[in-house]
Amino acid sequence: MANHVSAKKRFRQTQRRTEVNIRRLSRIRTFLRSVEEAIAAGDHKKAATAFQAVQPELMRGTKHGILHQNMVARKLSRLSARIKKMAA
């Protein structure tokens with residue numbers, strides 16, 4: 001356990017940031033799940049709408065350092081390809 005005042009403060013900050021990051025990641029996963037469910041159901045319009053909603057959430061996760069930029073780009077690319085494939 002931390003003994004110095006600065007170490008105690010750092011511990012409190014880390015706890016707060018961890019809680020916030022967990023909430024943010026959970027929100028992102030919920031948005032991703034909605035896209036996956038729409039794709040699985042075969043509803044192109046709902047999938048496209050959910051995809052439009054998930055894009056800014058993923059980018060926000062990248063900006064805050066929760067998700068890696070390349071992972072977000074890969075996920076968006078793959079989801080976009082699956083949605084386009086549904087339309088055809």
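Reply: In this predicted model, the crossing of H1 and H3 is left-handed, and the residues that meet there are Leu32, Val35, Glu36, Ala38 and Ile39 of H1 with Lys75, Leu79, Arg82, Ile83 and Met86 of H3. By kind, the residues of this contact divide into 7 nonpolar, no polar and 3 charged. The axes of H1 and H3 lie 11 Å apart at an angle of about 25 degrees, which, being under 35 degrees, makes the two helices roughly parallel.

Buried in H2 are Ala47, Ala50, Phe51, Val54, Glu57, Leu58, Gly61 and Thr62, and their cover includes helix H1 (5-41) and helix H3 (69-87). An α-helix has 3.6 residues a turn, so residues three or four places apart point the same way.

Against H1, H2 packs at an angle of about 155 degrees with the axes 9 Å apart, and because that angle is over 145 degrees the pair counts as roughly antiparallel. H1 passes H2 in a left-handed crossing, where the contact on the H2 side is made by Lys46, Ala47, Ala50, Phe51, Ala53, Val54, Glu57, Leu58 and Gly61, and on the H1 side by Arg27, Ile28, Phe31, Leu32, Ser34, Val35, Ala38 and Ile39. These contact residues comprise 12 nonpolar, 2 polar and 3 charged. Just after H2, Gly65 takes a positive phi of about 80 degrees.

How values were computed
Residues are numbered from 1 along each chain as its sequence is written. This is a predicted model: local features need pLDDT of at least 70, side-chain atom pairs count only at pLDDT 80 or more; totals for chains, interfaces and linings use all residues. Side-chain values use heavy atoms; hydrogens and water are left out. Buried means under 20% relative accessible area, exposed over 50%, partly exposed in between (1.4 Å probe, protein chains only). Helices (H or I, at least four residues) and strands (E, at least two) are DSSP runs, numbered from the N terminus. Contact means heavy atoms within 4.5 Å. Axes are lines fitted to C-alpha atoms, for helices over the stretch in contact, and angles run from 0 to 180 degrees between N-to-C directions. Angles under 35 degrees count as roughly parallel, over 145 as roughly antiparallel, 65 to 115 as roughly perpendicular and the rest as oblique. A crossing is left-handed if the near helix is turned anticlockwise from the far one by less than a right angle, and right-handed if clockwise. Ala, Val, Leu, Ile, Met, Phe, Trp, Tyr, Cys and Pro count as nonpolar, Asp, Glu, Lys and Arg as charged, and the others, Gly among them, as polar.
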